[in-house]
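Biologist: Could you take me through this one piece by piece, with the cut-offs spelled out as we go?

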Amino acid sequence: MARAHPDAYELSDGEKRDLVKLISEGKPLPEKYRFILFQDRREVELVWSGKSREVTNVVLPFQTLEHIDEPRKERADEEELALNMSGRQIAGWTNKLIWGDNKLILSSLRSGAVRHQIQEAGGLKLIYIDPPFDVGADFSMDVEIGGETFHKQPNLLEQIAYRDTWGRGADSFNAMLYERLILMRDLLASDGSIYVHCDWRVSAYLKLALDEVFGRDSFQREIIWRIGWISGYKSTALNWIRNHDTIYFYTKDPDKFTFNKEYIPYPQGYVRRDGNPPTGRGYPVEDTWNCSELDSLDSIQIKSFSSEKTGYATQKNEALAARIIAASSNPGDLVADFFCGSGTVAAAAEKMGRKWIATDLGKFGIHTTRKRLISVQRALKAEGKAFRAFEVLNLGRYERQAYLNVSNRLSSKKKAAALARKEEEFRALILRAYRAEPIESNGFFHGKNAGRLVVVGP
């Protein structure tokens, strides 16, 4: 039971001796003493090695790679997101597809210049994320190009992300997502909602983390999504067939949020038990999707989206994203997906008249989402429907030669001084982004991080 006040617990002589010994030896105290010695209202908490409530406050500038407001012919992709800058700028909110580490993206969105644009757009009303809960997924995948299949290896950024996410197993995953959830909460509008998609591997961890970050009162529903029909290989399982994912639904404010209830129309010829025709709009959708006799009326079945597939093994279908977007946002609202993968949420949002932000660390994910959204624009244009421009942005890739560019009109002395100043600013930017501490340069090393020396290269 929780104590009314920390003074209500008296330490035994043995506990006092243990505490004095541990403190005198400079050793950490057992976790139980945090609740005995200090007032802490959390009765249940997820704890892992190295847990910290600190979050990054780094603000980095976004770099515009491309602005797209008009569908046009595709051109062959060149090296490292070689995107052209054609297209004209338009007034109002421009949708954003951002390539980079979503922790730094979230921090920069929360505290940087784009936050003002988000507020002018009405605030961020809805977040849906499907984080990389598949232990062992290392960003490698098979990609089909021109009828041939190629195996894509993870790039350096993806290798680092995989190490940081799963390098220490569940500890790494919890630390990775916990900090990002705090940043998402701070970025979310006061009446906003968040949906977090997960499976059996991490659902227990995520529920406790979400309770802690958003508050237990802000928990709205645990949604069970049946992910498909039983196939042959599943029928060979030795116990119950696993056939669902979990989606947790939380709100920023437990009492003030958007929710548009959805109804499934009554089947033709349906009558009530008393023989009278039904009244009302239909069956209200429950928190178990595709697990009832109404399956044939429900559009969320994963088997129905073969035309949407892009090559991502964990891709979700647009009908699932559309249900969430329709329920927890209104036309014109801003929605976001910070693990966008193949861009399902952005595609559904565009078709439904919502503004959107989509981010991903993988270059392949950004290319896939970009191509998919251009196709959505083309389809909407062909149907005579409105669509919104989007821009491809980058965060975390700063070439020294571009950053250090100075005017050629300066005198040689002033140019040297400007270059020296920009060099110092550039190094500080990179060190700050990767949480390294600057040191007095000896001509080679520029900083240190966790006992390791750091060099800011070209």
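Modeller: Helix 9 (residues 344-351) is largely enclosed by the rest of the structure, because seven of its eight residues are buried; buried means under 20% relative accessible area, exposed over 50% and partly exposed in between, with a 1.4 Å probe and protein chains only. Helices (H or I, at least four residues) and strands (E, at least two) are DSSP runs, numbered from the N terminus. This is a predicted model, in which local features need pLDDT of at least 70 and side-chain atom pairs count only at pLDDT 80 or more, while totals for chains, interfaces and linings use all residues. Residues are numbered from 1 along each chain as its sequence is written, and side-chain values use heavy atoms, with hydrogens and water left out.

Biologist: Which are the buried residues of helix 9, and what do they pack against?

Modeller: The buried residues are Thr344, Val345, Ala346, Ala347, Ala348, Ala349 and Glu350. They pack against strand 2, strand 3 (124-129), helix 8, strand 12 (334-337), strand 13 (355-360) and helix 10 (363-382), where contact means heavy atoms within 4.5 Å.

Biologist: And what follows helix 9?

Modeller: Gly353 follows helix 9, and its phi is positive, near 75°.

Biologist: Switching to the sheet, what is the strand order?

Modeller: The ten strands form an open sheet with mixed pairing, in the order 1-14-2-13-12-3-6-8-7-11, two strands being paired if DSSP finds at least two bridges between them. Strand 1 (63-68) and strand 11 (288-289) are the edge strands, each pairing on one side only.

Biologist: How many bridges join strand 7 to strand 8?

Modeller: Strand 7 (residues 219-226) and strand 8 run antiparallel and are joined by seven bridges, and Arg226 stands opposite His244 in strand 8.

Biologist: OK, charges now: how many salt bridges does a search of the whole structure find?

Modeller: The search finds 20 salt bridges, counting a side-chain nitrogen of Lys or Arg within 4 Å of a carboxyl oxygen of Asp or Glu. One of them pairs Lys96 with Glu391, with the closest N and O atoms 2.6 Å apart. That pair links distant parts of the chain, since Lys96 lies in strand 2 (residues 95-99) and Glu391 in strand 14 (residues 390-394), 295 residues apart.

Biologist: Is Lys96 buried or exposed, and what about Glu391?

Modeller: Lys96 counts as buried because its relative accessibility is 2%, and Glu391 is also buried, with a relative accessible area of 10%.

Biologist: What about Lys207 and Asp211, how far apart are the closest N and O atoms?

Modeller: The closest N and O atoms of that salt bridge are 2.9 Å apart. Lys207 and Asp211 are four residues apart in helix 7 (residues 203-214), so about one helical turn separates them. An α-helix has 3.6 residues a turn, so residues three or four places apart point the same way.

Biologist: Which residue meets Glu262 in a salt bridge?

Modeller: Arg323 does, at 3.0 Å from N to O. The pair links distant parts of the chain, with Glu262 in the loop between strand 8 (244-251) and strand 9 (263-264) and Arg323 in helix 8 (residues 318-328), 61 residues apart. Glu262 counts as partly exposed at 33% relative accessibility, whereas Arg323 counts as buried at 6%.
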